[in-house]
Structures are given as structure tokens and as C-alpha cells.
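Thanks for coming. I will take a few minutes on one model, and I will go through it piece by piece.

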Protein chains: 2
Amino acid sequence: MSRIAYVNGRYLPHKRASVHVEDRGFQFADAAYEVIAVRGSALIDEDLHLKRLHRSLGELRIAAPMGDASLKSVFREVLRRNAIVDGALYLQISRGQAPRDFPFPQGVAPTLVVTAQRKRGPLAKQVEEGVGVITLPDIRWRRPDIKSVSLLPNLLAKQQAKEAGAFEAWLVDRDGNVTEGTSSNAWIVTAAGEVVTRQADTSILNGITRLGLIGLLAREGLKLVERPFSVAEVKAAREAFLTSSNNFVLPVVSVDGAAIGNGYPGSVVRRLRQAYEGHVAAQGAAQ
Amino acid sequence: MSRIAYVNGRYLPHKRASVHVEDRGFQFADAAYEVIAVRGSALIDEDLHLKRLHRSLGELRIAAPMGDASLKSVFREVLRRNAIVDGALYLQISRGQAPRDFPFPQGVAPTLVVTAQRKRGPLAKQVEEGVGVITLPDIRWRRPDIKSVSLLPNLLAKQQAKEAGAFEAWLVDRDGNVTEGTSSNAWIVTAAGEVVTRQADTSILNGITRLGLIGLLAREGLKLVERPFSVAEVKAAREAFLTSSNNFVLPVVSVDGAAIGNGYPGSVVRRLRQAYEGHVAAQGAAQ
């Protein structure tokens, strides 16, 4: 079965799915996007993703290409045509196609692209044994809270992590505190057992998995503290982990080559991964 | 006559010039670009643009799609097919098309797009009377010295300038100093007659017009000082101006609504614009 992509009202063979060379997404990174996990044919926390999408579009003053009901229909049709039961949906909305000029063009329709792919996610080994991260300066623009395709610094940092044999790079602000990963939120469990992640201000993307997990913490009897934490705190933490739509909750067992805790996934992250998988499975079952 | 664009080895009608939805230029801003002025069929300071392009590609570790001689042939063919004598050439090189994943893909050919357009440049009135700028915080990523398409903060600032009735936004760093404009370099002439522009470190793009003008200053008997300057210094300056491939040398006569000097283009900027036009005309005549 060949892959199908949605582009501006048409369902096209993936190979022929294209945008114009003067699409502002291509020339200016003038676009927002979302990645939504799919499990048991359900789009996990779809409404939270749509809410965040509208926030990004609002901040960028890009018009929504259609109403949410229509968007949701397109998402389902893309999943159906690609026969995706477990995987991920990708959607990108750019300001549209216009002769190259910095200011917003007038009377231009936004570009909507929706694609889907089968499950990738972390390897069983990564879930069981945890992964390593490196720390790098956060050199991104100052609005990473907007989920834009302005991702060049993110991918350069991810490439550095890969070359260092690490799974992810945790980005560090000018004060020495971790902001987040290149495509995930960063968490630690302190010696006192508090679960700490940075507050969702303009310095990080407010992850949908982050939000989902926050909703589960109280039920697990865990105390959440939203505040910046330093690289030294990561090194001294009892446990650490990352969250993302693709990885859910993934243990982090080393930072810059130094073991965190005893170097193995701890009890808190194991519980939280299980709890989050329950949160996901419930949505898949309800489908 | 219909416009023609070059895309990956093919000369296509502009309307059909497209890139894949999984081109990394569209999904990640993973691309470098150049805009080269064309006058009298000559590509102005083409070799300096190519040198900077190679620097950008090197910093991003994107392979050049072909050698310089071939690139130059493509440029000329695009100008010829579009019958451009006075205008601008746009070229963009992305890391290529690959399934969406942050790290660099292996064995993928870079995408090359080349387009051309007729002359726009500033209006005669703008050259004669000067333009206004506003100042805004520089919220870009920390490597604007790389000419990448990571331009979202630039266009948001340019849009703010436009809505404020200004021609350009001058971006201000955390120390209160001007870095540069959203698509131009920033200059002042001090009360002492020194011509000041920020040094080309990683905080600004080293403009080709900037470099060309620097080469002309000594001949004009003017002293160049490369250093940061504050917004207060702009307000107290005798003259101010901006440089870019599209605008050459353009007088700036107000900042945040306050007149600079007597509010009219001064003698230094007039001389420099003339000198730069001579530099351009010489290349057109040599063609």
C-alpha cells in the first residue's frame, strides 16, 4: 500500500506531495505544526493538540485553514487511507504561498499538509535501560513556546547528541538551567522525591505529554514542582526522564556521560510510564 | 513571458516549481539561502555571495549541490530564461528530502532552488527622503551569522515595523545595543564623523553590501569603526543608514518616531549611496 499525504484539499501519493518553492514554510520557517500519537486508531489527546495549534497560529497570526471539525475529518481520512492504527500524525500549517517578502502577504490562503506514519517510538531496550542525554547551550529563538518549524537549532543539537552517542540534548539557558530537550520536555526526581519540570513560560514548549503526565501525578501520590533546575541538579537527581508525543515517558539514566542515580531507570519513572501508557490505552480502547 | 524557476536540475514554469512536503527546508528550516542583486545583467559581488553561501553550508554541514562553475551557469540560465537585466536572484539550498527526523539524513541529495525577479528596491522617495526604523528586542537564535531560512523572528519584526509605519526594525540585544535590521545591516555616523557598524561576529549576518561599502570608505576619506552601538547613540547620531542587497545604501532618518540629526538624509549617506552605486555600475558595465 502506498502512502498518501493531504496537501491543500487533495489526497496525493506521498511521492507527489509537494508545496510551492515560494511557500512561506519553505522560505521563512513561517509555519506551525503538531505531531499527534496514534494508538488503537485514536489520536491521543487530539483536543489538547488542536488547542496548542490554535495558540501557535494565534501567536503567529496565521489563519486556521478550516474549522476543527473539518481538520479532524482530514486527520481521520489520512489515517484511514494510510491504514495507520499505531503511529503518528503530522500536520503543518504555513502562512501560504506568496512572492518572497518578509511582511505578511494579504489575501493568501494558508497551506495545510497532513501526513501519517507507522509507529516508531523508542526501542524496548531504551524503555528498559533508559537513555543518555548531553547538555548544550540553548541557542534557539526566544519563543520556543510557539510550536513553529523554526527548528534548525533543535536539529543541530540533536545531531550533536547523536554523534556523542546520546539519545537527546538537554538545552541549557544563560543561567545554567535546563530549558527542555530538542524535541521533548525534561524532568528530574529529586532526592526528596519531588517531580520537577520547568514551568511552561515562553522558554519551553508546553508538551502535550507533559500536560497529560501532570494530570496523572496527583493520582500517583507524587508532588509536582514546576521550576527551573540546573545541570548540577540533574547530576544529583535520584531519577530523570523525558516526555514527548513520540516517546511518551522515557527514563534518562546519564547526563554528559555521568550516571544519574544508580544508572538504571528508577521506580518513579517506571510507574509514570505505566500510568501514561494507561492514559493512552484508555483513549485507544474508547475509539 | 512566464516566469521560470530552477528546481533540482529542471527549469520549470514558476507555477509548477515545488519541493516535497518532507523537504527539510519546509519541515525544519534546514536550509541556507542568498539574494544577489542583478544590474545590467551582472550578478553584483557574486563571488562574495558564493563565499558566504559556502560558509553557511559549512556551518550547517549541508553539501553543496554542485560546483561553483555549475551554480553560476544555473544562475545565468535562470536570468536568461526570465529576461532579467535589473532585479534579484534568489537561491536556496536545503539539506534535502527525507522522512521527518531531526538528525541529518544519510545519502540524501541537497535541494537547490533558484528563482529571479525584476527590480524592486527602494522607492525614489525613500532614497531621497530616508526611511524610519523602530527598535525591537532581538529574539532570534544565536547564529544569525549563518544565512539560514530560520527567519520567523525576522518576518514577525518586519511586520511589526510595517504596522508601525516604519521601513525596518532594528533589533536590540540584551545589552541595549543594536545588532542589525531584520534583513539589513545597521549603521550610524557619529557627531565626530566616524562611520560605525557592528563588528561581524556571530551576532549579525555579514552583509555583502556591508562588506562592499566597507571597501569604499577609505577611498571616501571616512573612518570606519566596527563596534556595537546603543539605541541612545542612534538617537544622538548625526546620520544613520542601512545596507542590504535589495536597498544598497538607504538613509534612516528616524528611530522609534524620533528624528535622527535634522531628520533628512545627510551628506555622508548621500556620498556613500553614490559611491556604492558606482561600485555596482562598474560591475554591470564590465558584463
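Start with A:Tyr6, which is buried, at 6% relative accessibility. Keep in mind that this is a predicted model. Across all chains, a search of the whole structure turns up 12 aromatic pairs. One of them joins A:Tyr6 to A:Tyr11, edge-to-face, with 5.2 Å centre to centre and 65° between the planes. The angle is over 60 degrees, so the pair is called edge-to-face rather than tilted.

Next, a tilted pair: A:Phe248 and A:Tyr276, 5.4 Å centre to centre, with 55° between the planes. Where do A:Phe248 and A:Tyr276 sit in the chain? A:Phe248 belongs to strand S16, residues 248-255 of chain A, and A:Tyr276 to helix H8, residues 267-286 of chain A. They are 28 residues apart, and the pair links distant parts of the chain. Buried or exposed, for A:Phe248? A:Phe248 counts as buried at 6% relative accessibility, and A:Tyr276 counts as buried too, at 2%.

A:Tyr276 also takes part in a helix contact. In general, the packing of two helices is described by the angle between their axes and the distance between the axes. Here the partners are H8(A) and helix H6, residues 208-217 of chain A; their axes come within 10 Å and cross at roughly 105°. Angles of 65 to 115 degrees count as roughly perpendicular, and H6(A) and H8(A) are therefore roughly perpendicular to each other.

Which residues meet? From H6(A) there are A:Thr209, A:Gly212, A:Leu213, A:Leu216 and A:Leu217; from H8(A), A:Leu272, A:Ala275, A:Tyr276 and A:His279. As for spacing, an α-helix has 3.6 residues a turn, so residues three or four places apart point the same way.

How many residues of H6(A) are buried? The count is 7 of its 10 residues, and H6(A) is mostly covered. The buried residues are A:Ile208, A:Thr209, A:Arg210, A:Gly212, A:Leu213, A:Leu216 and A:Leu217.

On to chain B. A rotation of 180°, with 0.0 Å of shift along its axis, superposes chain B on chain A, with an RMSD of 0.0 Å. That is the relation of a two-fold axis. Of the interface residues of chain B, 100% are also interface residues in chain A, so the copies meet through the same surface.

The helix packing can be read off in chain B as well. H6 (residues 208-217) and H8 (residues 267-286) of chain B pack at about 105°, with their axes 10 Å apart. That makes H6(B) roughly perpendicular to H8(B). The contact uses B:Thr209, B:Gly212, B:Leu213, B:Leu216 and B:Leu217 of H6(B), against B:Leu272, B:Ala275, B:Tyr276 and B:His279 of H8(B).

Two arginines in chain B lie over rings. The charged end of B:Arg81 sits over the ring of B:Tyr11, 4.3 Å from its centre. B:Arg95 lies over the face of B:Phe104, 3.7 Å from the ring centre.

What does B:Leu156 contact, leaving aside its neighbours within four places in sequence? The contacts are A:Leu60, A:Arg95, A:Phe104 and A:Trp141. By contrast, B:Ala98 is 28 Å from B:Leu156, C-alpha to C-alpha, and 58 residues apart from it in sequence.

Notes:
Residues numbered from 1 in each chain as written. Chains lettered and ligands numbered in written order. Predicted model: local features only at pLDDT ≥ 70, side-chain atom pairs only at ≥ 80, totals over all residues. Heavy atoms only, no water. Phe/Tyr/Trp six-rings, centres within 6.5 Å; stacked < 30°, edge-to-face > 60°. Buried < 20%, exposed > 50% of the residue type's maximum accessible area, 1.4 Å probe, protein only. Helix = DSSP H or I, 4+ residues; strand = E, 2+ residues; numbered from the N terminus. Lys NZ or Arg CZ within 6 Å of the ring centre and 35° of its normal. Least-squares fit on C-alpha atoms with pLDDT ≥ 70 in both. Contact = heavy atoms within 4.5 Å. Axes fitted to C-alpha atoms, helices over the stretch in contact; angles between N-to-C directions. Parallel < 35°, antiparallel > 145°, perpendicular 65-115°, else oblique.
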